[in-house]
Amino acid sequence: MNQLDALKQLTTVVADTGDFMQLAQFQPQDATTNPSLILKAVQKTDYAPLLKETVAANRGRPLDEVVDRLLVRFGCEILSMVPGRVSTEVDARLSFDEDATYTRAERLIELYSAAGISPDRVLIKIAATWEGIRAAERLERRGIHCNLTLLFGFCQAVACGHAGVQLISPFVGRIYDWYKKSAGTAWDEATMAGANDPGVQSVRRIFEYYKRHGIATEVMGASFRNPGQITALAGCDLLTISPELLAQLSSSSAPLARALDAEAARSLDIPAVQFEEAAFRLALNQDAMATEKLAEGIRAFIQDAEKLEALMLVA
């Protein structure tokens, strides 16, 4: 049994890609997308026609709506290849606008419904800002399930769990990147690998907190830099993995052991905490890594959304 097959016995494997033609070989349960992945896909020969067809079929509509229709088109193609759910992201420019995020999420679900896709097969990705979490809380009450992304700080995870969101995506690799850059020449890759990786430790802390306190929100580690980060989180609820790393796992026959254990976490001595708005903002401010990576992530998604719009204007 290769490592990918072994991982599937412990964790729900999710593909992190807009390149849906790669999905069949890895047989993931779910798939996630974001503006960067969709931008990357439509610049490939195989996917350029989807961009042109979507633009041609929706001329005269507002550009933001055409973008959403393209995202849903990709989502529908992905859902034809995976048995579970697809995550589709709300425009990152709305990350600090609760009402606009809520309205855009509704539109994405309406577009999926018009395409014959049940809402329970879609997760709306929203940045885990205070406003994003509040929008997700309202959407969950409507039966629209959410994936809170760009999650770096423990306070974000606690607030998401309290809001009853379906799923969170802590970004392992980007946390790792920050600490590695911060350490500079003092960074020891071997010492900081596996269970000692700061990104892995962040997900473990969240996972154990959720399980200890009976929080139903699913934990899905994301943004991996190497297979070691993935195997160090075997047993997590879900892990979303790029096709490149899925291929590495499938080509490895190294043994894989459970690293996270929900049952064991239930007996840990972890005090419950809660973050109302002021406490949330203060905790996020005091976490330099989370503050910087959240802001950087939103900026990057906005830039890629703008690049995608530029391509659509000339399609």
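Visitor: How many cavities of 30 Å³ or more are there?
Guide: The model is a predicted one. A cavity here is a set of points where a 1.4 Å probe fits but cannot get out. With the volume limit set at 30 Å³ or more, the count of cavities is 3.

Visitor: Which elements give two or more residues to the lining of the largest cavity?
Guide: The largest cavity has a volume of about 100 Å³. Its lining includes Val 67, Asp 68 and Leu 71, and also Ala 305, Leu 308 and Glu 309. The elements that give two or more residues are helix 4 (63-79) and helix 14 (288-314).

Visitor: Which strand gives the most to the lining of the second largest cavity?
Guide: The second largest cavity has a volume of about 70 Å³. Among the residues that line it are Lys 125, Ile 126 and Ala 127. The residues of this lining divide into 6 nonpolar, 3 polar and 3 charged. With 3 residues, the element that gives the most is strand 4 (residues 122-127).

Visitor: Ser 95 is also in that lining. Is Ser 95 buried or exposed?
Guide: Ser 95 sits in the loop between strand 3 and helix 5 (98-114). Buried means under 20% relative accessible area. Because its relative accessible area is 6%, Ser 95 is buried.

Visitor: Which residue has its backbone oxygen 2.6 Å from a polar atom of the side chain of Ser 95?
Guide: A polar contact needs a pair of N or O atoms within 3.5 Å. The distance of 2.6 Å, from a polar atom of the Ser 95 side chain to a backbone oxygen, involves Ala 92.

Visitor: How many strands make up the closed barrel?
Guide: Strands of a sheet pair through backbone hydrogen bonds, either parallel or antiparallel. In this barrel the pairing is parallel and the order runs 1-2-3-4-5-6-7-8. From one strand to the next, the twist averages 30 degrees. The number of strands in the closed barrel is 8.

Visitor: Which residue of strand 2 stands opposite Val 14?
Guide: Strand 1 (residues 12-16) has 4 of its 5 residues buried. It pairs in the parallel sense with strand 8 over 4 bridges, and there Val 14 stands opposite Thr 240. Strand 1 also pairs in the parallel sense with strand 2, over 3 bridges. In strand 2, the residue opposite Val 14 is Asp 30.

Visitor: Which residue has its backbone nitrogen 2.8 Å from a polar atom of the side chain of Asp 30?
Guide: Asp 30 is in strand 2. Its relative accessibility is 4%, so Asp 30 counts as buried. The backbone nitrogen 2.8 Å from a polar atom of its side chain belongs to Arg 85.

Visitor: What is the bridge partner of Thr 32 in strand 3?
Guide: Strand 2 (residues 30-32) and strand 3 (residues 86-89) run parallel and are joined by 2 bridges. The partner of Thr 32 in strand 3 is Ser 87.

Visitor: Which helix gives the most to the lining of the largest pocket?
Guide: The largest pocket has a volume of about 460 Å³. It is lined by 29 residues, and Asp 16, Asn 34, Leu 37, Ser 223 and Ser 242 lie nearest its centre. At least two lining residues each come from helix 2 (35-42), strand 8 (238-241) and helix 11 (243-250). The most, 4 residues, come from helix 2.

Key:
Residues numbered from 1 in each chain as written. Predicted model: local features only at pLDDT ≥ 70, side-chain atom pairs only at ≥ 80, totals over all residues. Heavy atoms only, no water. 1 Å grid on protein atoms, 1.4 Å probe; cavity = no way out; pocket = protein on both sides within 12 Å on 5 of 7 lines; lining within 4 Å. Points joined across faces, edges and corners; volume = space filled by probe spheres on them. Nonpolar A, V, L, I, M, F, W, Y, C, P; charged D, E, K, R; others polar. Pairing = 2+ DSSP bridges. Axes fitted to C-alpha atoms, helices over the stretch in contact; angles between N-to-C directions. Buried < 20%, exposed > 50% of the residue type's maximum accessible area, 1.4 Å probe, protein only. Polar contact = N/O pair within 3.5 Å; in protein donor to acceptor, adjacent residues only side chain to side chain.
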